[in-house]
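Dear colleague,

Here is the structure we talked about handing over, with notes on what was found in it following below. Please read them with the model open beside you.

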Amino acid sequence: MSQDVSFIADAMKQAVPYVKTTGIEFEEVSASRIVASLPDEPSLHNHIGGPHAAMMFGLGESASGAVVMAAFAAHLGKATPLAVRADISYKKIAMGVLRAEAVLGRSAEDVLAELESGTRPEFPVTITITNAEGVVTGEMTVVWTLKPAR
């Protein structure tokens with residue numbers, strides 16, 4: 001049976017002020033996949049009228065954080081998720097509302113087994129950023145770790 005992670009959208013807005021400030025919404029939420037969107041707001045635009053590159057990065061990183069939170073929600077007392085590194089490729093000029101699909105790159109069970117063995121696990125989250133027409137405007141990977149609680 002899968003766990004209920006419907007609380008993730010509200011939790012992200014409360015725990016991460018950036019999410020609320022930028023208006024990021026979480027459209028789909030599961031323990032292995034998140035879809036988030038960034039509104040088309042002039043305050044988030046760059047010099048050509050589309051979402052600033054920093055906003056694209058922030059959308060992708062926020063989606064990755066949400067999927068990590070969803071995947072490990074039941075274990076947050078044992079470990080704190082932390083981003084280790086990130087890589088982004090800007091593929092096409094982005095205009096309008098953007099969507100980011102973040103997918104956990106390893107099973108939560110494998111990551112937790114590594115944590116339980118005494119090793120600090122690292123695991124990727126892959127993110128695809130698209131415009132309203134479904135055109136890929138960016139691709140991103142964020143590598144996360146679970147830092148054991150002391």
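Asn131 is buried, its relative accessible area being 11%, where buried means under 20%, exposed means over 50% and partly exposed lies in between, with a 1.4 Å probe and protein chains only. This is a predicted model, in which local features need pLDDT of at least 70 and side-chain atom pairs count only at pLDDT 80 or more, while totals for chains, interfaces and linings use all residues. Residues are numbered from 1 along each chain as its sequence is written, and side-chain values use heavy atoms, with hydrogens and water left out.

Asn131 sits in the loop between strand 5 and strand 6 (136-148); helices (H or I, at least four residues) and strands (E, at least two) are DSSP runs numbered from the N terminus. The side chain of Asn131 reaches the backbone nitrogen of Val135 at 3.0 Å, a polar contact being a pair of N or O atoms within 3.5 Å in which, within protein, one atom must be able to donate a hydrogen and the other to accept it, and residues adjacent in sequence count only if both atoms are side-chain atoms. Setting aside residues up to four places away in sequence, Asn131 touches Met95, Val97, Leu98 and Thr137, where contact means heavy atoms within 4.5 Å. In the hairpin of strand 5 and strand 6, which has five residues between the strands, Gly134 takes a positive phi near 85°.

Six strands form an open sheet in the order 1-2-4-5-6-3, with antiparallel pairing; two strands pair if DSSP finds at least two bridges between them. Its edge strands are strand 1 (25-29) and strand 3 (79-90), each of which pairs on one side only. On average, and with direction ignored, neighbouring strands of this sheet are turned by 20° against each other, the axes being lines fitted to C-alpha atoms (for helices over the stretch in contact) and angles running from 0 to 180 degrees between N-to-C directions.

Strand 2 (residues 33-38) runs antiparallel to strand 4 (residues 98-104) and is joined to it by six bridges, with Ser37 standing opposite Arg99 in strand 4. Strand 6 has antiparallel partners in strand 5, through nine bridges, and in strand 3, through 11 bridges. Gly138 in strand 6 is the bridge partner of Tyr90, and Ile129 also stands opposite Gly138.

**Charged pairs**

The count comes to nine salt bridges, each being a side-chain nitrogen of Lys or Arg within 4 Å of a carboxyl oxygen of Asp or Glu. One of them joins the side chains of Arg33 and Glu101, at 2.4 Å from N to O, and it links distant parts of the chain, since Arg33 in strand 2 and Glu101 in strand 4 are 68 residues apart. Arg33 is partly exposed at a relative accessible area of 29%, and Glu101 is partly exposed at 30%.

Lys78 forms a salt bridge with Glu116, their closest N and O atoms being 3.2 Å apart. Lys78 lies in the loop between helix 3 and strand 3 and Glu116 in helix 4 (residues 108-116), so the pair ties together parts that are 38 residues apart in sequence. Lys78 counts as partly exposed at 42% relative accessibility, whereas Glu116 counts as exposed at 53%.

A further salt bridge brings together the side chains of Glu114 and Arg106, at 2.8 Å from N to O. Salt bridges that share partners join Glu27, Glu28, Arg33, Arg99 and Glu101 into one network.

One aromatic pair is counted, where rings of Phe, Tyr and Trp (its six-membered ring) pair if their centres lie within 6.5 Å, and planes under 30 degrees apart count as stacked, over 60 as edge-to-face and the rest as tilted. The pair is Phe72 with Phe123, which is tilted, at 5.3 Å centre to centre and 50° between the planes. Phe72 belongs to helix 3 (residues 53-72) and Phe123 to strand 5 (residues 122-130), 51 residues apart, and both Phe72 and Phe123 are buried.

Glu61 is also in helix 3 and is partly exposed, with a relative accessible area of 27%. Leaving aside neighbours within four places in sequence, Glu61 is in contact with Ala83, Met140, Val142 and Trp144. Glu61 and Ala86 are 25 residues apart in sequence and 8.2 Å apart in space, C-alpha to C-alpha.
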